[in-house]
Amino acid sequence: MSHFAAIIPAGKALLEIQEVKTPQPGPDELLVKNEIIALIPIDAKLAKFGVFPIPYPAILGTSFGGTVISVGSAVTNFQVGDKVAAAKTAGATGDKYGAFQTRVIAREVTTSKLPQNVNLGGPVGLIGNLSTVVGLFNVGAGLERPETNGPASAKGKKILVYSSTSSFGSLAVQYLRQAGFFF
């Protein structure tokens, strides 16, 4: 069985659509019919600037969502037909984990099950970025976390988010707003 993928053949090259062999999930993995991909800045930088050495040709893409079409033998929390959001982690190597394809392998540990009526856009944008946003603003910049029991009080501070069109930027704006910052 095969499916289509956006392949980057070499560093700084344009993506090419190619037919590739569909992998089977390992024991702790899921095969997902990909329905949405989050635009993550690192994916664009890898493609345009080749900022990290990776083996080419490669399938890029970090966060995605869709429907489970096959589960590995040790998977206990998911079944065929589940709607999911997933993220590729640093420990996942190989093209089968790249989100820029119509069938993607997801690790059970980095996948979240979603209600069937949920729009995939929100969860897919969050799953690969939430820890980065929290780390950047709370650990790196020393800002206060958002309140969990209601709206945050205005802190009288402003912050500039330069471009919020990616899933990361969009989440950053929402996170900072919930933390009481205004724009």
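Trainee: Over residues 26-115, what percentage of the chain is helix and what percentage is strand?

Mentor: Keep in mind that this is a predicted model. That stretch is 10% helix and 38% strand, and its end C-alpha atoms sit 25 Å apart. An unreviewed UniProt entry labels residues 26-115 "domain: Alcohol dehydrogenase-like N-terminal".

Trainee: How should I think about nonpolar cores, and which residues have the most contacts inside the largest one here?

Mentor: The general idea first: in soluble globular proteins, nonpolar side chains tend to be buried together. Here the largest nonpolar core has 22 residues, and Leu30, Val32, Leu60, Phe64 and Phe100 have the most contacts inside it. Two or more residues each come from β1 (2-8), β3 (29-37), α1, β4 (58-59), β5 (63-71), β6 (83-87) and β7 (103-107). The largest share, four residues, is from β1. Another core, of nine residues, lies apart from it, with Phe137, Tyr175, Ala179 and Phe181 among them.

Trainee: Let's zoom in on Val32: what does it touch?

Mentor: Leaving out residues up to four places away in sequence, Val32 touches a list including Phe64, Gly65, Gly66, Val68, Ile69, Val84, Val104 and Ala106. Thr67, Thr102 and Arg103 are also among the residues Val32 touches.

Trainee: And which residues form the nonpolar patch on the surface?

Mentor: Ile42, Phe49, Val51 and Phe52, with about 360 Å² of accessible area together. Ile42 belongs to helix α1, residues 41-49.

Notes. Residues numbered from 1 in each chain as written. Predicted model: local features only at pLDDT ≥ 70, side-chain atom pairs only at ≥ 80, totals over all residues. Heavy atoms only, no water. UniProt positions renumbered as here; feature names shortened; annotations may be inferred. Patch = residues over 30% accessible without salt bridge, like charges linked within 9 Å, V, L, I, M, F, W, Y side chains within 5 Å. Areas by Shrake-Rupley, 256 points an atom, 1.4 Å probe, with all protein chains shown as cover. Salt bridge = Lys/Arg side-chain N within 4 Å of Asp/Glu carboxyl O. Core = buried A, V, L, I, M, F, W, Y, C linked by side-chain atoms within 4.5 Å. Buried < 20%, exposed > 50% of the residue type's maximum accessible area, 1.4 Å probe, protein only. Contact = heavy atoms within 4.5 Å.
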